[in-house]
Amino acid sequence: MSYLRLEKALMTNLEESLPRELLRTNRSGAYSCSTIVDCNTRKYHGLLVVPVPELDDENHVLLSSLDVTVVQHGAEFNLGLHRYQGNNYSPKGHKYIREFDCDKVPTTVYRVGGVILRKEVVFQHYEDRILIRYTLDDAHSATTLRFRPFLAFRSVRQFTHENNIASREYHDVDNGIRTCMYAGYPDLYMQFSKKNEFVFQPDWYRNVEYPKEQERGYASNEDLYVPGYFEMPIKKGESIVFSASTSEIKSSTLKKLIEKEIDDRSPRDNFFHCLVNAAHQFHKREKNDDRYLLAGYPWFKCRARDTFIALPGLTLAIEEQDYFELVMKTAEKGLREFMKGKPLTVKIYEMDQPDVPLWAVWSVQQYAKECGREKAFKMYGALINDIVDYIAEDGHPILELHDNGLLYADGRNKAITWMNSTANGHPVVPRSGYIVEFNALWYNALRFVASLDRDNGKEKKADQLEALAEKCKTAFVDTFLNEYGYLYDYVDGNMVDWSVRPNMIFPVAFDFSPLSQEQKKGVLDVCTRELLTPKGLRSLSPKSGGYNPMYVGPQTQRDYAYHQGTAWPWLGGFYMEACLKLYRRTRLSFIQRQMVGYEDEMDYHCLGTISELFDGNPPFHGRGAMSFAMNVAEVLRTLNLLESYNYQK
C-alpha cells in the first residue's frame, strides 16, 4: 500500500478532505495547489499559479480549476467541486472518488457507474506548465469527456469579479486555444494530446467562496470566468493529456512529456522521502541561473534569515551539497552588496535584518561538518572573516558591538528578530538591547571563524577573535543567566525580559557555547518542561504573561498570537540537537518519539510537508503557510543527526 493513500470514506467526507491540501511546484517560482478533492479553499489556490515579473513580484492565478464531466448516453456526471456563497457545494463531484494516491504523482480514481476514470497531475520542472493525464480504465459504452476551465487572471492577494473589461477573445492553437483576460498578462495556452471541439460559451460563475480566507478574517468571494468547454470522446484504455501553460507546445509531444515527468519523480513512500520531495519544492531557479530557497508556500518569497537557517537541512542533510553551493553563491552576492552599502541585485528580502550575516556563518559551519573544514575555508573563509570584521567594526546599521563583547540592537520600534509580528505599526514582541540568540550566534561565529583561521595559518587573526570571544563569553553568562537556571530573552539596560522563550535553546545547540555543561542542562530542562510540544517548541511558556497559543481569527488577533505561545518545528530541531549533544545516545529513543509528531503531518494539512506553525495547546493544529522551509529543513537535519548518532558505537 502507498504511504500517502487515502480511502474513499475520507475523500468523500468534506470535513476530512477539505483541510488536506496538495502542493506541486516547478522549482522556478510557479506552483499548483488545491485541496485533495480539487475544491479551492484559499485565494492562493489554483491549477496554474505563476509569477508575472512584468506586473509585479507576486504570483498570479491564471487557471483556477478545471471541471471534468463524464458524458454517457446523454447523462452528464460533473466531477468538479466548488464552494459557493452560503456554504453551498456544487457540483459535488467528490462523491465519485473511489481512492486517492500520492506516491509518485497525485492520482485520483473516479467511479461513475461502470466508468472508472484515473487522473494524474504533474507540474513540469522549470516550465510554467501543468500536465494532467486522464485514463479511462473501464467503461461499458461510448464515453465523452467535457472540460470546463475556470479562469482568474489575478494576483494571489486579490480577487476577480465579473466585469466588462475582461477580454473574451480566444485563438485556436494546436489541439486547443489561447486566451488572455487582461493586458499585461501572458497568454494562457490550454491544449490536449487529442483532437477536440472547443465550444465557445462565455459565462461568469459568481460568488465562489474560499473558507480559509473567511477563517483569516478576509474577503472571501470572487467570480470566475469560463470561456466555454472542450469536448472529445475517449475509449476504454485510452489516455488524454491536458496542458495549461504560458507557452504553446506541440500537442503530439504531450504524452511522452508527462511520462518523462512522472518517471523523473521520486516516490514519496516514507517519511524521509516525503520531506526530500518537500525540500525540492522550495528550490527556485531564475533565468539568469541564480538559485534561491523560497521561505514557504503559498505566499512567502525568498527571505535572507530563512535561507541561511534552512539551507543546511534542505541540502546538506540530504547529500545535495551542490545546491548548497549554488544558493550560497547567490546569497553571498547579496551579503557582500549589503555590507558594501550597494543596492541588491539578488531577489532576497530582509537582508538588513541584524542576525542574517550571523546565520550565514552558522550555515557555513554546517557545510564544514558535512564537506570538510578545508573545503569550507577554501569556499567561504573570506566571506565569514569579512562578516565578523564587518560586525566587529560596527558596519551593520542595527548592530553595535559594546566593550563587554556583546552585540546590542535597538528593536523597540521595529521588529528585528525572527519574532517579527507587528500590530498598529509596532512590534508585538519588542525584543531590544542584548538579544539572547544574537549573542549566542556571535559567540559561535567568533569561535568557529577563529578555529578555521588557526587551521589555515592565520594565527594573529585567530588570537584576536578568540580574545573577543572570551570577553563575550563572560558577559553573556553575567547578562543572560538568571537565578532560576534559564536565560533572559533580552536585556536592555534596566529592562530584563523574564519570559520563558525558546531563543535560549540556541546557545545549548550551537557547537560553540558560552555556557557550561551544567548551565546547558538547566536551560534544556526548562525548555523541556515549559516549551516542548509534539510539534516543536512553543514561542512562549504557558506560565509566562501573555500566553496566547491559538493562531486563529482575523489578522490582528493572529498577529498577537504569532509568537506568544504557538509551536514551531524548526525550533524543535535545535532542541533535539541540544539533547543529542548533551545526552548523546541515551536520548535517541526520546528524539525518535518526538519525530512521530512530525510524521503525523505527512497525510494531514498539506500532504508530505510541514505547516508554518502549530497551536501551542492540544490538538496542536497546523496553521499559517501550508509548507515552511525552515520546518522541513530542521526535521531533515534532525533525521540526519539521528542517523549519525545511530552509527556511533
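Predicted model: local features only at pLDDT ≥ 70, side-chain atom pairs only at ≥ 80, totals over all residues.
User: Why is His283 called buried?

Analyst: Its relative accessibility is 5%. Buried means under 20%, so His283 qualifies. His283 is found in strand β20.

User: What does His283 touch, not counting residues up to four places away in sequence?

Analyst: Arg27, Ser28, Tyr292, Leu293, Glu320 and Tyr323. Each counts as a contact because heavy atoms lie within 4.5 Å.

User: What makes up the lining of the largest pocket by residue class?

Analyst: It divides into 15 nonpolar, seven polar and 14 charged residues.

User: What lines the second largest pocket?

Analyst: That pocket holds about 620 Å³. Of its 25 lining residues, Trp299, Phe300, Arg303, Asn420 and Tyr562 are the closest to the centre. Helix α14 (residues 555-561) gives the most, with three residues. The lining divides into eight nonpolar, six polar and 11 charged residues.

User: How do you know that the space of about 320 Å³ is a cavity?

Analyst: In a cavity, a 1.4 Å probe fits but cannot get out. The model has three cavities of 30 Å³ or more. Asp38, Leu47, Leu66, Tyr110 and Lys119 lie nearest the centre of the largest cavity, among 28 lining residues. Strand β5 gives the most to this lining, with five residues. The lining divides into 14 nonpolar, 10 polar and four charged residues.

User: Which residues line the second largest cavity?

Analyst: Arg303, Arg305, Asp306, Trp418, Asn420, Tyr562, His563, Trp568, Glu612, Phe628 and Met630. Its volume is about 90 Å³. Five of the lining residues are nonpolar, two polar and four charged.

User: What makes the 217 residues a nonpolar core?

Analyst: Such a core joins buried nonpolar residues through side-chain atoms within 4.5 Å. The 217 residues form the largest such set, and those with the most contacts inside it are Leu314, Trp442, Ile505, Trp570, Phe574 and Tyr575. Helix α10 (residues 436-455) gives the largest share, 12 residues. A second, separate core of nine residues includes Val122, Ile249, Leu254 and Ile258.

User: Why are β14 and β15 called paired?

Analyst: Pairing needs at least two bridges. Strands β14 (residues 170-173) and β15 (residues 176-179) have four, so they pair, and they run antiparallel. Asp172 stands opposite Ile177. The two strands form a hairpin with two residues between them, and Asn175 in the turn has a positive phi of about 55°.

User: How do you know that β15 and β16 pair?

Analyst: The same cut-off of at least two bridges applies. β15 and β16 (residues 188-192) are joined over four bridges in the antiparallel sense, so they pair. Leu188 in β16 is the bridge partner of Thr179.

Notes
Residues numbered from 1 in each chain as written. Heavy atoms only, no water. Nonpolar A, V, L, I, M, F, W, Y, C, P; charged D, E, K, R; others polar. 1 Å grid on protein atoms, 1.4 Å probe; cavity = no way out; pocket = protein on both sides within 12 Å on 5 of 7 lines; lining within 4 Å. Points joined across faces, edges and corners; volume = space filled by probe spheres on them. Buried < 20%, exposed > 50% of the residue type's maximum accessible area, 1.4 Å probe, protein only.
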